[in-house]
Amino acid sequence: MNYEQLAKKIVQRAVKKGAKQAEAYLEVGRQSSVRVREGQIEDLTEATSKGVGVRVIVKDRLGFAYTSDFTTAGLERVVDLAVQLAEAAAPNKLNGLPGAKDLGKRGDTGVLFDPKVANLPGDWKINAALEAERAGRAQDSRVATFDSVSAGDFVAEVYLASSEGASGGYSGTYVYLVAVPVAAQDGQLQTGYWLDYKRFLDDLESPESIGREATKRAVRMLGAKPVKTQQVPVVFDPLVAASFVGNLSQAANGNAVYQQSSVLAPHVGKRLAGKHVSLVDDGLLPRGLATAPFDGEGVPTRRTPILDEGVLSGFLYDAFTARKAKARTTGNASRGYSALPGIGTTNLYLEKGTKTPEELIREVPQGLYVTALLGHGADPVSGDMSCGANGLWIENGELTHPVQEVTVAGHLLQMLKDLDAVGSDLQFRGGSVGAPTVRFRQLTVSGA
């Protein structure tokens, strides 16, 4: 089936039915995954999905409906429903689809589709998961069990057409592997995890390496205890740093900024961090998990600096919020077929620095290396952060004993000021948010 043509036909029907503007957003996907435990297959799933969302504007009124029924009757029904819903909605002058000036020329995404992933045999996933579990067990005898080990892949296609001239489609692949071992010693249990998530099979870390690293992360926490309350330098490993980056992006959401419910709202154009701190949202990052030629409403994706060498340079917008805030969309409309677009990030990351993570740690006389944060992280409205943390204590530049049952507290703006070093080890570990190791000059660690 030619889905791009189908999207155009849906738009034509909506216009014929009285829509002043119309858009069709189609998704077609298939995914499969396996979970193993104790050398046995726990479950094996395969699923396919497809659907289309239809957005129409009738006299400044917005209507939206979606369906997974691709019969002629099903598609006619969803168009008619979207138009009816629009006619019954309240008018808003800000409603509208992106126009020609926002649809512009698309950038180069590079290759997003790996035939090796698309044609992965089912037993590859089973063998990869079993191999990760075996390697994790062999790494250390203190591994009592695995919470789970899973492997999976999916293939996704997106097609879009609008009455304003947007049209196009792309397909991408994704493959992942995750291991969660539990280590036990002297009545204490510690869980570790490690994962990798890539578009291309050849880029994926080996199952053996995933299993071993997961085990190392579990075992090194055995014997963890709190430390006394103090203010010390704190180092975030790349996984924890990525969650900090995610917090910053919530505060850089154009809608939150417009509503003045972001701690960053009053600071655009101001220096918030040192020159070594650059935070970027890049929809065109080569091989990025969120790389795409256009966003959820057909606007070309791009590279948007949020912090440019420490200066707050901009926020993320979709078309509706940009219109409201008298800004331009940044190509950050994010959606599935069953929902209207909202603001989302693409490949969001903190640019890497020049020092190795070992150097960052070596320069700390006494402090905490955080390997897991528990809770929601910083509040994007107030900027306050207070989270449970696990990690390793740093003494004279060396990682010494494991630490748990402590809280790490700070404020986003102060943390940006105090972010005194950025590592060279940028990683996109669990998805499309990436970060290297980062160090803060001082945070409050509250424990015993």
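Some questions and answers on a helix pair and a sheet follow.

Modeller: This is a predicted model, in which local features need pLDDT of at least 70, side-chain atom pairs count only at pLDDT 80 or more, and totals for chains, interfaces and linings use all residues. Residues are numbered from 1 along each chain as its sequence is written, and side-chain values use heavy atoms, with hydrogens and water left out.

Biologist: Is helix α5 parallel or oblique to α6?

Modeller: Helices are DSSP runs of H or I of at least four residues, and strands are runs of E of at least two, numbered from the N terminus. The axes of α5 (residues 122-139) and α6 (residues 207-219) come within 7 Å and cross at roughly 40°; axes are lines fitted to C-alpha atoms over the stretch in contact, with angles from 0 to 180 degrees between N-to-C directions. Angles under 35 degrees count as roughly parallel, over 145 as roughly antiparallel, 65 to 115 as roughly perpendicular and the rest as oblique. Therefore α5 is, relative to α6, oblique.

Biologist: Which strands stand at the edges of the open sheet?

Modeller: Five strands form this sheet in the order β11-β10-β9-β14-β19, with mixed pairing; two strands pair if DSSP finds at least two bridges between them. Each edge strand has a single partner, so one side of it is left without a neighbour in the sheet; the two are β11 (311-312) and β19 (433-434).

Biologist: Which residue stands opposite Val 311 of β11?

Modeller: Strand β10 (residues 303-308) runs antiparallel to β11, joined by two bridges. The residue opposite Val 311 is Asp 308.
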